[in-house]
Amino acid sequence: MRSLIVCVLALCGSLVLSAADKVAVVPDGASASGPFSPGIRAGDTLYCSGQVGRTKDGKIPENFEDEVKAALDAANEILKKGGYSIEDVVSAQVYLTDMELFARMNSVYTKYFPEPRPARTTVGVAKLVGTARIEITLTAWKRPAR
């Protein structure tokens, strides 16, 4: 019985991630100088920080669909830099400042994600950074190459 307990504890210990297993993922041209990382890869999972719909020049587009596209493109850059793709996304969180924009967001979102689409939560919030109307955070996972 004692050897079984030791084996179980050893196995559980190998499943725990250490700080060395946690790697920041920073796309080219992005800054990692803020109080967060654009992405964190921990084991087989990549966590993407929330992305608002800024264009390359740092502006929020007036057209909402362009803003959604810019947010998803920014998140996709983190995925790519971490060695993942949009097909690896298992969970998404979408924050909208106006829930009336839900259908318009979906019209863009569904073009990005193939079936089966990731699990998703969409939440209405009072305000986001600057004039942003949407923020999207993604979690991606893939089986390691063997």
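These are my notebook entries on a predicted model, going from the overall fold to single side chains.

**Entry 1: the overall plan**

I started by listing the elements, and the protein has 3 helices and 6 strands. Along the sequence they follow the pattern α-β-β-β-α-β-α-β-β. I then looked up burial: of the 146 residues in the protein, 33% are buried. For contacts with a separation of 6 or more, I noted that 70% join residues 24 or more positions apart.

**Entry 2: the sheet**

Next I traced the strands. In what order do the 6 strands of the open sheet lie? I read β1-β2-β3-β6-β4-β5, and the pairing is mixed. The edges are held by β1 (22–25) and β5 (119–124); each has a single partner strand, so one side of each has no neighbour in the sheet. On average, neighbouring strands here are turned by 15° against each other, direction ignored.

A reminder to myself: strands of a sheet pair through backbone hydrogen bonds, either parallel or antiparallel.

β1 pairs with β2 (residues 39–42) in the antiparallel sense, over 4 bridges. K22 has A42 of β2 as its bridge partner, and V23 stands opposite R41 in β2. The pairing of β2 with β3 is antiparallel as well, again over 4 bridges. There I found G39 opposite C48 in β3. The hairpin of β2 and β3 has 2 residues between the strands, and G43 takes a positive phi near 65° in this hairpin.

**Entry 3: helices across the sheet**

Which strands does helix α2 lie across? I found α2 (residues 64–81) across β1, β2, β3 (45–52), β4 (89–96) and β6 (134–141), and its direction is at about 150° to β3. Helix α3 (residues 102–112) lies across β4, β5 and β6, and runs at about 150° to β5.

I then checked which residues of α3 are buried, and they are M105, N106, V108, Y109 and Y112. An α-helix has 3.6 residues a turn, so residues three or four places apart point the same way. The buried residues of α3 pack against α2, β4, β5 and β6.

**Entry 4: the nonpolar core**

In soluble globular proteins, nonpolar side chains tend to be buried together. Here I looked up the largest nonpolar core, which has 26 residues. Which of them touch the most other members? They are L79, M105, F113, I134 and L138. Two or more residues come from each of β3, α2, β4, α3 and β6. The largest share, 7 residues, is from α2.

Leaving aside neighbours within four places in sequence, F113 is in contact with L72, I86, V89, P118 and L138.

**Entry 5: rings and charges**

Finally I turned to the aromatic rings. How many aromatic pairs does a search of the whole structure find? It finds 1. The pair is Y109 with F113, 4.6 Å centre to centre with 40° between the planes, and it counts as tilted. Are Y109 and F113 buried or exposed? Both are buried.

Y109 also has a charged side chain over its ring: R120 lies over the face of Y109, at 4.5 Å from the ring centre. Elsewhere I noted K142 over the face of Y84, at 4.9 Å from the ring centre.

Key. Residues numbered from 1 in each chain as written. Predicted model: local features only at pLDDT ≥ 70, side-chain atom pairs only at ≥ 80, totals over all residues. Heavy atoms only, no water. Pairing = 2+ DSSP bridges. Axes fitted to C-alpha atoms, helices over the stretch in contact; angles between N-to-C directions. Contact = heavy atoms within 4.5 Å. Core = buried A, V, L, I, M, F, W, Y, C linked by side-chain atoms within 4.5 Å. Buried < 20%, exposed > 50% of the residue type's maximum accessible area, 1.4 Å probe, protein only. Phe/Tyr/Trp six-rings, centres within 6.5 Å; stacked < 30°, edge-to-face > 60°. Lys NZ or Arg CZ within 6 Å of the ring centre and 35° of its normal.
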